Amino acid sequence: MAEGSKLLVVARDLQRSFAFAGQKVGALASASFEIASTDRIALAGPSGSGKSTLLALIAGLDKPDVGTIAWPGLPGRSSQPVGLASSDIALAFQAPSLIPSLTVIANAALPHMLRGGGAGEAEERAAAALSLFRVQDLADKLPEEISGGQAQRVVLARCIVARPDLILADEPTSQLDHLNGMAAIEALLGWTADNKCAVVIATHDVEVARRLDRTWTIYHGLLDTVGPLGHVPSAQGGAERETALGNGHAVGRVA
Ligand SMILES: Nc1ncnc2c1ncn2[C@@H]1O[C@H](COP(=O)(O)OP(=O)(O)O)[C@@H](O)[C@H]1O
Ligand SMILES: [Mg+2]
C-alpha cells in the first residue's frame, strides 16, 4: 500500500452464483483483494466474466454466498445499505440509472440532497460536476432528451457530487466515442486525484486500462489481481488469453 493511503475494502474468497431458469449460474468463483484509498484499478474481462457482480459486492449492494468482505476505511459501509444517499462509495451502474422525471441537474444534485444537503449547495455542486464532464449545457434537459453517451457523463458527474472515498464505474464510457470517452476518464481521474478518492473502472477499452495504475483481470468468475493483463488465472487456452478486454480483440500488455 502506498504511503499515506488507508485500506478501504478487504475481501477474501468471494463467491456468488444466481439461480436462473432452474439452473445455478456461477457469476463469481473466486475473488480476494484489497482496495486502498490511493488505488486506481482497471477491471478487465470479457462480457459475462463477473465484473458487474464483483462491483455490486464491493458496493455492498449484493452479498456473497461464500467469503467475507469488509470496509475498514469506509465508516458505516457495513451497517448501511448503499444508495445515492451514501457518501463513501459511488457506483456508476452499467445500465441507465438516471431518474426519468428529473432534469439532468436535479439527477446530478440528488446524492447531496439525499444526504440532507441544502438545495442551493446541491445545485452548485451538480453544476460544477456537470461542467467537469462537459455536459453543463444539458442541465435542464430530461434523461430521455440526451444520448446514452451524454447520460454516462451525467452519471459520472452524479458520482462525484457526494464526494465519495471510492468510485466504482461499470463500463462508464461504453457509449462514448474514444476521444470523448478518454476525456471523461481524464476528468474523473483528475477529480479522484484532487479529492483522494479511489477508483475501480470496469472497462473493455485498453486505453482506459492503460491510464490506471493497476489492472485486475477476471475470467469465468476468477479474479486475478496480480498477473499482467491477459494472464489467465487457470489453464485456459491462448485464444482466450487474447480476449482479456472482450470482443475477441487482441490487446497488448498493460501492466
Ligand atoms: N441476477 C442474475 N441472475 C442470473 N444470472 C446472473 C445475474 N447477474 C449475473 N448473472 C450471470 O453471471 C455471470 C456474470 O455476469 P456479470 O457480472 O454481469 O458479468 P460482466 O459484468 O463481466 O459482463 C453471467 O453469466 C451472467 O449471466
Ligand atoms: Mg457488466
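Visitor: Let's begin with Glu171: is it buried or exposed?

Guide: Glu171 counts as buried, because there are 22 C-beta neighbours inside 10 Å of it and 20 or more are enough for that class. Please keep in mind throughout that this is a predicted model.

Visitor: And where is Glu171 found?

Guide: Glu171 lies in the loop between strand 6 and helix 5, the latter covering residues 178–194.

Visitor: Which non-glycine residue has a positive phi of about 60°?

Guide: That is Arg134, which has a phi of about 60° although it is not a glycine. Arg134 is found in the loop between helix 3, residues 119–132, and helix 4, and it is partly exposed, with 15 other C-beta atoms within 10 Å.

Visitor: What sits just after helix 1, in terms of phi?

Guide: Just after helix 1 comes Gly60, with a positive phi of about 80°.

Visitor: While we're on helix 1, how many of its residues are buried?

Guide: The count is 9 of the 9 residues, so helix 1 is largely enclosed by the rest of the structure. The buried residues of helix 1 are Lys51, Ser52, Thr53, Leu54, Leu55, Ala56, Leu57, Ile58 and Ala59.

Visitor: OK, the ligand then. What surrounds ligand 1?

Guide: The shell around ligand 1 is formed by Phe18, Phe20, Val25, Ala27, Gly45, Ser47, Gly48, Ser49, Gly50, Lys51, Ser52 and Thr53. By class, these divide into 4 nonpolar, 7 polar and 1 charged residues.

Visitor: Which element gives the most to that shell?

Guide: Helix 1 does, with 3 residues. Strand 1 (7–20), strand 2 (23–36) and helix 1 (51–59) each supply at least two residues of the shell around ligand 1.

Visitor: Strand 1 also has Arg16 in it. What is Arg16 in contact with?

Guide: Leaving aside neighbours within four places in sequence, Arg16 is in contact with Ala27, Leu28, Thr53, Leu57, Asp62, Pro64 and Asp65. Two of these partners, Ala27 and Thr53, also belong to the surroundings of ligand 1. Arg16 is itself buried, with 22 other C-beta atoms within 10 Å, and its C-alpha lies 7.9 Å from that of Lys63, although Arg16 and Lys63 are 47 residues apart in sequence.

Visitor: Changing topic: how do helix 2 and helix 4 pack?

Guide: Helix 2, residues 104–114, and helix 4, residues 148–161, pack at an angle of about 30°, with their axes 7 Å apart. At that angle helix 2 is roughly parallel to helix 4, and the crossing is right-handed.

Visitor: Which residues make the contact?

Guide: From helix 2 there are Val104, Asn107, Ala108, Ala109, Leu110, Pro111 and His112, and from helix 4 there are Val154, Ala157, Arg158 and Val161. By class, the residues of this contact divide into 8 nonpolar, 2 polar and 1 charged.

Visitor: And helix 3 with helix 4: at what angle do their axes cross?

Guide: The axes of helix 3 and helix 4 cross at roughly 135° and come within 8 Å. Helix 3 and helix 4 are therefore oblique to each other, and helix 3 passes helix 4 in a right-handed crossing. The contact involves Arg125, Ala126, Ala129, Leu130 and Leu132 of helix 3, together with Val154, Ala157, Ile160 and Val161 of helix 4, and by class it has 8 nonpolar, no polar and 1 charged residues.

Visitor: Past helix 4, where is the place of Arg163?

Guide: Arg163 is in the loop between helix 4 and strand 6, which covers residues 166–170. Arg163 counts as partly exposed, with 17 C-beta neighbours inside 10 Å, and it lies 7.7 Å from Asn195, C-alpha to C-alpha, with the pair 32 residues apart in sequence.

Visitor: Last one: how many helices and strands does the protein have?

Guide: The protein has 7 helices and 9 strands, and buried residues make up 44% of its 255 residues. Among contacts with a separation of 6 or more, 68% are between residues 24 or more positions apart.

Conventions
Residues numbered from 1 in each chain as written. Chains lettered and ligands numbered in written order. Predicted model: local features only at pLDDT ≥ 70, side-chain atom pairs only at ≥ 80, totals over all residues. Near = placed C-beta within 6 Å. Helix = DSSP H or I, 4+ residues; strand = E, 2+ residues; numbered from the N terminus. Nonpolar A, V, L, I, M, F, W, Y, C, P; charged D, E, K, R; others polar. Buried ≥ 20, exposed ≤ 12 C-beta atoms within 10 Å, placed from the backbone. Axes fitted to C-alpha atoms, helices over the stretch in contact; angles between N-to-C directions. Parallel < 35°, antiparallel > 145°, perpendicular 65-115°, else oblique. Left-handed = near helix turned anticlockwise from the far one by under 90°. Contact = placed C-beta atoms within 7 Å.
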